Amino acid sequence: LNIFPIILEYIPEMNVQHALELRLTNYVFFIVYVTEAVMKVIAVRKAYIFDHWNQFDLFIITLAAADLIIDHLFERSEHKVRAVRVFRLIRLARVLRLLKIMLPTFIHLLNKQINKQLCFGYDIGKGYVVGEEDVNNLIDHISDQRVISEQLRSIVERNHQD
């Protein structure tokens, strides 16, 4: 959801026309992120800081706080405009939080596909081995002559060794 206000900030007409709404939306998302982080800290205590996703969230919160401070303290100047543009680009990192949700699903789908391929390969190998055993058992029924049966067995044995 937070990507829509960020996109609107890059459209000059929308940024000027809805500056107050975009600023308020930025404050709301900042408060939501801070609240989420505080609730996680209360829930998991010291383990919070050791999770890489939580470290990433803290990094985003820190950048968002710096963005809000710069936006609030300084008047419209060229330096402020450059700094705010940089922070707005960095604010796009919030979108990367979606990876937290999508990455396990992607890994699960990848494992499923790998298992399918392994099962398929196993089935082909098993079919080949069973087929060789069946041919070996049927050689005596294929030919009544002993010489031909021995030649067929030697061919099957050579193929089995290869």
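Me: Which residues make up the largest nonpolar core?
Reply: Heads-up: this is a predicted model, where local features need pLDDT of at least 70 and side-chain atom pairs count only at pLDDT 80 or more, while totals for chains, interfaces and linings use all residues. Residues are numbered from 1 along each chain as its sequence is written, and side-chain values use heavy atoms, with hydrogens and water left out. A nonpolar core is a set of buried Ala, Val, Leu, Ile, Met, Phe, Trp, Tyr and Cys residues joined through side-chain atoms within 4.5 Å, and buried means under 20% relative accessible area (exposed is over 50%, partly exposed in between; 1.4 Å probe, protein chains only). The 8 residues of the largest core are F29, F30, Y33, A37, Y48, I61, A64 and L68.

Me: And which helix gives the most to this core?
Reply: Helices here are DSSP runs (H or I, at least four residues; strands are E, at least two), numbered from the N terminus. Two of them, α3 (19-44) and α4 (52-73), each supply at least two of the core residues. With 4 residues, the top contributor is α3.

Me: Leaving aside neighbours within four places in sequence, what is A37 in contact with?
Reply: Contact means heavy atoms within 4.5 Å. A37 belongs to the largest nonpolar core. Once those sequence neighbours are set aside, A37 touches Y48 and I61.

Me: Is N54 buried or exposed?
Reply: N54 sits in helix α4. Beyond four places in sequence, N54 has contacts with K40, Y48 and K100. Because its relative accessible area is 6%, N54 counts as buried.

Me: What is the angle between the planes of W53 and F56?
Reply: Rings of Phe, Tyr and Trp (its six-membered ring) pair if their centres lie within 6.5 Å, and planes under 30 degrees apart count as stacked, over 60 as edge-to-face and the rest as tilted. The structure holds 1 aromatic pair. W53 and F56 are 3 residues apart in α4, so about one helical turn separates them. Their rings are 6.5 Å centre to centre and edge-to-face, with the planes at 85 degrees.

Me: What is the phi of R45?
Reply: R45 is found in the loop between α3 and α4, and R45 counts as exposed because its relative accessibility is 61%. Most residues other than glycine have a negative phi. R45 has a positive value instead, near 55 degrees.

Me: How far apart in space are E132 and V156, C-alpha to C-alpha?
Reply: E132 is in helix α6, and E132 is buried because its relative accessible area is 13%. In sequence, E132 and V156 are 24 residues apart. In space, their C-alpha atoms are separated by 7.3 Å.
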